[in-house]
Amino acid sequence: LSLLTLWEFESHKGSFSLFIGELFVMKIELKNLKHYPAFTEETEAFTATVYVDGNRLCTAENTGKGSCHQLTPVKGKTYEDIQRVALWVRSQPKVTVGNGMLLDDDLDFHIARLVDDGIQTKELKKLLGKGVLIYSPKVETNGLFKLSSKFRPSILDQYRKNIKAVYPDCVIINDLPFDQALEFYRNSSSMSMLKNLYDEKHKAY
């Protein structure tokens, strides 16, 4: 039986439905993400397509005015299909936000995090493609920052010793695997979290 079949077959048994939600994993992704910063006010303004386990489920959009996302099923899917995914997301563990608070998850919140990840991924790829980012725990550098435009990624090796001479304890973000670089970039707004990441990564750097 597929996951959706099990949801349909046992949807009237709350405890068993929760068990199914914990036992099975749904891979929820966003594709065709378009971000509209000019319209972003209280929430990110965007349009995207939601995929579940590699299959299109619905389109998602937000006008940026603070409302919940508008989800519209694609051809061949229904709002009931969206609700099944929403029920599975709600059965997952609480989500820890930046200040350490635990929040219940739901599909709207889950999609919002995927949007943030997509925006940050695109921003970081652009930054790493054109410049050199470093993290240094020194107070005067304020953590994560971009070096002068003369330090281009294509000639980074020529300047590596110079950079290390000025910032001996720094981590050059361009040198990290992208997932680790994204982890640094994603947490740059929380200096305590960033410092913990630095302490962990710098041991083997």
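1. Helices (H or I, at least four residues) and strands (E, at least two) are DSSP runs, numbered from the N terminus. The model is predicted, so local features need pLDDT of at least 70 and side-chain atom pairs count only at pLDDT 80 or more, while totals for chains, interfaces and linings use all residues. Residues are numbered from 1 along each chain as its sequence is written, and side-chain values use heavy atoms, with hydrogens and water left out.

2. Overall content. The protein has 7 helices and 9 strands. Of its 205 residues, 37% are buried; buried means under 20% relative accessible area, exposed over 50%, and partly exposed in between (1.4 Å probe, protein chains only). Among contacts (heavy atoms within 4.5 Å) with a separation of 6 or more, 44% are between residues 24 or more positions apart.

3. Strand β1, residue E29. E29 lies in β1 and is partly exposed, because its relative accessible area is 25%. Its C-alpha is 8.3 Å from that of T49, 20 residues away in sequence. With neighbours within four places in sequence left aside, E29 is in contact with T49, V50, Y51, G54 and L114.

4. Most residues other than glycine have a negative phi. Which values of phi does N32 take, positive or negative? Phi of N32 is near 55°, a positive value. N32 is also in β1, and counts as exposed because its relative accessible area is 53%. D53, not a glycine either, has a positive phi of about 50°. D53 sits in the loop between β2 and β3 (55–62) and is partly exposed, at 42% relative accessibility.

5. Helix α3. The 12 residues of α3 reach 16 Å from first C-alpha to last, close to the 16 Å expected at 1.5 Å a residue; the expected span is 1.5 Å times one less than the number of residues. T78 caps the N-terminal end of α3, with a side-chain oxygen 3.2 Å from the backbone nitrogen of E80. The buried residues in α3 are D81, I82, R84, V85, A86, W88 and V89.

6. R84. This residue belongs to α3. R84 is buried because its relative accessible area is 13%. The side chains of R84 and D81 are joined by a polar contact of 2.6 Å. A polar contact is a pair of N or O atoms within 3.5 Å; within protein, one must be able to donate a hydrogen and the other to accept it, and residues adjacent in sequence count only if both atoms are side-chain atoms.

7. Helix α4. At the N-terminal end, D106 caps α4 through a side-chain oxygen 3.2 Å from the backbone nitrogen of D108. L107, H110, I111, V115, I119, Q120, T121, L124 and L128 are the buried residues of α4. Their cover includes β1 (28–35), β2 (46–52), β4 (70–73), α3 (79–90), β7 (133–136) and α6 (178–186).

8. Nonpolar cores. A nonpolar core is a set of buried Ala, Val, Leu, Ile, Met, Phe, Trp, Tyr and Cys residues joined through side-chain atoms within 4.5 Å. The largest has 20 residues, of which I28, V50, L57, L71, V85, L107 and I111 touch the most other members. At least two residues of this core come from each of β1, β2, β3, α3 and α4, and α3 gives the largest share, 5 residues. A second, separate core of 12 residues includes L133, V171, F184 and Y185.

9. Contacts of L107. Neighbours within four places in sequence aside, L107 is in contact with L71, I82, V85, A86 and V89.

10. Cysteines. How many disulfides does the model contain? With a disulfide taken as a pair of cysteine sulfur atoms within 2.5 Å, the count is 0. C58 is buried, because its relative accessibility is 1%. C170 also counts as buried, at 0% relative accessibility.
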